[in-house]
Amino acid sequence: MLDCFFMLEKTLPQETVRYLNQVFGPEGLRLASCDKSAQLPYFLQDTYDVLLGELMGLPITLACVKGHHPMAVHQVSQHANRLRELLHVPVIIALPEVAPGERKQLIAHGVAFVVPDRQLFAPQMGMILTERFGAGPRQVQELASPATQALLIWFLNHHPVTVTWHPFEEAAALGYAGMTATRAIRELLQFKLFELEVRGRAKHLKLNGTRRDLWEKAKPHLRTPVLKTMWTYDRRIIEVTGAPWAGESALARMTMVNEPQQQVLAMTAEAGQRARQAGIFFEPREIADGIAMQVWRYEPGMKVKEKTVDPLSLWLSLRDNRDDRIQMALDEIEEKFLW
């Protein structure tokens, strides 16, 4: 059990609302008039002040810790998951303060959280506000949506020649509707990764600079494609899902890194559902001699003829790994990529 506790304040809901409105503007956060908190289990009502509303047009639940309940990070993670299941919207946990070690554990557990005047971490919504001491005002670093990231990675993998790009065909190949492609174009222009070129009714994207420049400019807006990892003993998983190698298993096939003790594969959530329907059972925690199945935010089979995930998505999935040999291998991937 993690021995970490959060100090609590009575004014946390007001401070959280003030802070978010300060960051996103007076209309950034809109609270709903209806109150569903009374429908929640008593242990959640006793632990959190729950506020429902919209943040930048996206539905959210703000769960502000209250009282004097000592809580470990894994408890906060369980509570966030339960609230999300009950209210069917993303959940942001509001904390009055958080120590560096606690912050690292919250991020590792994938818990969206906000500390007024200090930090906002909500990658599921494309929002990360980092602490910047002595470096001027804090800035929100916007993250690309999974569909936008998938289309950008597809472009870099399948367009070796610098040309204008019409993303709609690629969007269809990846299973995205035209409306999704339109939103992706808007994001790519917003991040200033491309310039817009209109030909009649068709919108094309024109690369501004080299493909390597595009990759470097895009990195701050890209996240790991891995949503979560599950484990299974059932080796039918490879046949049922057609999952490509991922993680260190893929890295071992692209570089001189040794094969990991545990095989790592990648699949979509839909592929995981098919596996369950085929009778394959998953464990939520690591198991010895099992297969690690990464659930990706987008289709991991970018390179159709390859048995591994694409190298750029692999790079994104491992870039926060502190192992020196992993970092050297990632440098090798970038150097070998056909820019």
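Helices (H or I, at least four residues) and strands (E, at least two) are DSSP runs, numbered from the N terminus. I'm keeping to that for every element below.

This is a predicted model, so I note that local features need pLDDT of at least 70 and side-chain atom pairs count only at pLDDT 80 or more, while totals for chains, interfaces and linings use all residues. Residues are numbered from 1 along each chain as its sequence is written, and side-chain values use heavy atoms, with hydrogens and water left out.

Strands

I looked up β1 (residues 29-31) and found it antiparallel to β2 (residues 48-55), with three bridges between them; two strands pair if DSSP finds at least two bridges. Leu31 has Gly53 of β2 as its bridge partner.

I then followed β2 onward: eight bridges link β2 to β3 (residues 58-65), again in the antiparallel sense. Across that pairing, Leu51 sits opposite Leu62 of β3. The β2-β3 hairpin has two residues between its strands, and I noted a positive phi near 55° at Met56.

Second largest pocket

I took a pocket as an open set of points on a 1 Å grid over the protein atoms alone, where a 1.4 Å probe fits, with protein on both sides within 12 Å along at least five of seven lines; lining residues have an atom within 4 Å of a point. The second largest pocket holds about 330 Å³, the volume being the space filled by probe spheres set on the points.

Which residues lie nearest its centre? I got Lys303, Pro311, Lys336, Phe337 and Leu338, out of 16 lining residues. α5 (146-158) and α13 (324-336) are the elements giving two or more residues to the lining, and α13 has the largest share with three.
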